[in-house]
Amino acid sequence: MRRVIEVGAGILTAVLAAAVLARIHPLAGEVINPFVVLALLVGFIRGEIAGAWAGMAGGLVADALSLGLFGVAGIALTTAGFLAGFVSRKINVLSLGRLLGFFLALSAVSLGLWMGLAGLIYGRPGPWSGGLILVQPGANAVLAAALERALAGFRKARGR
Amino acid sequence: MSRLWKERKNVLILAGLLLGQLGLLSLQVPLGDAPSLFEKAAFALAAPVLRAVQGVVRTCGGLWSGYIDLRGVENRNRDLQDEVLRLRQENVRLQAELRRLADGETASAHLRPLGKAFVLASVIGVDIANPYRSIQIDRGAARGLGVNMAVLDARGRLVGRIIPPVGKGEATVQLVTDDGSAVSVVTETSRVLGILSGDGKTGQCRLKYVPATNESVREGEVLLTSGFDRVFPPGLRVARVLSVRPDASLFKRIVAVPFFEFPELRIVAVLFDEGGGGEPGRP
């Protein structure tokens with residue numbers, strides 16, 4: 001139950017962040033995708049199952065808030081969330097550089113999946129937004145790593 | 001089955017989730033662009049959150065820009081106050097200019113029928129110690145003004161005469177309400193002659209040298225210049241008789257109120273002597 005609440009709160013936060021980004025600039029959502037960050041963080045911290053559920057929920061909300069087929073982002077983020085939990089337990093991602101690289105790779109996988117699925121379904125390449133979308137994995141990785149470190153510090157402080 | 005679930009639980013859950021979403025995708029294909037029921041439900045859940053978030057963000061933005069982020073407001077406020085002050089001064093100046101032009105128009109309309117050359121002047125000073133004695137105007141010798149020229153108000157009623165000193169661009173006007181002033185006048189209907197002098201204190205005048213035996217001067221009678229003093233041209237309206245009383249002397253005690261209104265004296269016209277300078281009807 002606690003994890004469900006956590007994921008719900010995370011989705012609400014992601015919706016909030018998406019709204020704030022949209023207010024800042026219409027293309028800001030192309031640079032940072034809060035739902036991807038949510039899926040990566042939940043998967044990394046709570047494991048692959050929680051990551052998959054969070055990715056699916058966040059992705060479906062993202063799909064609901066955008067035009068197009070419902071479920072494309074859901075599939076991409078479900079995979080990314082699952083992989084974040086699964087792979088992080090197989091490799092060493094303790095250092096900040098490795099963590100950044102790990103999130104960068106998963107965010108790129110998520111973006112690739114989303115672009116691939118969108119291209120497959122619509123029969124044309126996904127929206128490139130003038131190449132701006134290629135910045136997204138890096139920005140997502142930086143934000144996810146920063147948040148992970150902040151949450152780790154918070155948990156550590158509470159543990160004392 | 002249960003063994004498989006135990007060994008591959010995570011992968012099976014992932015597969016289930018993905019398959020479910022693929023199912024969702026395939027369900028949408030026949031619908032084309034129309035949203036599926038699930039999509040509608042998710043949108044119905046997410047849209048209010050999004051709207052609330054937008055409201056909160058807008059409110060926070062308003063709070064930030066209206067109450068917190070006030071950098072530069074003090075400077076802007078100071079600039080605006082300076083601007084307001086400048087505009088007020090400009091407004092006062094323009095209103096004065098407008099009033100002067102309107103007064104000038106009025107004066108020209110009233111004075112043209114006199115058929116005499118005149119020049120318009122603004123009142124620029126009043127004798128502070130004795131306000132009913134003299135005023136200063138902004139025209140002087142440079143515009144042809146000289147001593148003893150008659151000065152009228154904007155409606156052509158006698159105000160006084162130019163007295164020394166007359167500067168290049170300024171002149172002093174002795175008012176008919178000055179106790180040293182003396183204007184030869186005649187009553188409009190009974191044609192009784194007298195000398196009008198001011199009392200210098202209240203803005204009223206005394207009509208002097210009307211014999212006590214004369215019964216024809218009545219209250220309300222209009223006094224006009226007679227022209228006998230060779231200073232003021234004849235026929236100018238000067239004052240109205242306020243009261244007529246007997247006196248212990250040989251003459252009646254007659255009080256008159258001049259026509260010109262001292263507080264509203266902003267524009268005056270200086271009449272030129274016959275053949276004098278100035279352009280008729282032109283200020």
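## Chain A

Within chain A, residues 24 or more positions apart account for 68% of the contacts (heavy atoms within 4.5 Å) with a separation of 6 or more. The chain holds seven helices and zero strands, where helices (H or I, at least four residues) and strands (E, at least two) are DSSP runs numbered from the N terminus. Of the 160 residues of chain A, 46% count as buried, a term that stands for under 20% relative accessible area (1.4 Å probe, protein chains only).

## Basis of the model

The model is predicted: local features need pLDDT of at least 70 and side-chain atom pairs count only at pLDDT 80 or more, while totals for chains, interfaces and linings use all residues. Residues are numbered from 1 along each chain as its sequence is written, chains are lettered from A in the order in which they are written, and side-chain values use heavy atoms, with hydrogens and water left out.

## Chain B

Chain B comprises four helices and twelve strands. Of its 283 residues, 35% count as buried. Among contacts in chain B between residues at least 6 apart in sequence, 56% join residues at least 24 apart.

## Nonpolar cores

A nonpolar core is a set of buried Ala, Val, Leu, Ile, Met, Phe, Trp, Tyr and Cys residues joined through side-chain atoms within 4.5 Å. The largest has 47 residues, of which I137(B), L145(B), L158(B), I162(B), L196(B), L223(B) and V270(B) touch the most other members. Strand β12 (residues 267–271) of chain B gives the most to this core, with five residues.

Beyond its neighbours within four places in sequence, L145(B) is in contact with V119(B), I137(B), R139(B), G140(B), I162(B), V166(B), A171(B), V270(B) and F272(B). Another core, of 28 residues, lies apart from the largest one and includes L40(A), A50(A), A54(A) and A62(A).

## Interface of chains A and B

The two chains bury about 2,300 Å² between them, 79% of it on carbon and sulfur atoms; this buried area is the accessible area (1.4 Å probe) lost on being put together, summed over both parts. In chain B, L17(B), Q21(B) and L25(B) lose the most area to chain A, together 24% of what that side buries. The contact takes 28 residues from chain A and 23 residues from chain B.

Across the interface, the rule finds zero salt bridges (a side-chain nitrogen of Lys or Arg within 4 Å of a carboxyl oxygen of Asp or Glu). On the chain B side, α2 (9–28) and α3 (37–68) are the elements that give two or more residues.

Terms used. Buried means under 20% relative accessible area, exposed over 50%, partly exposed in between (1.4 Å probe, protein chains only).
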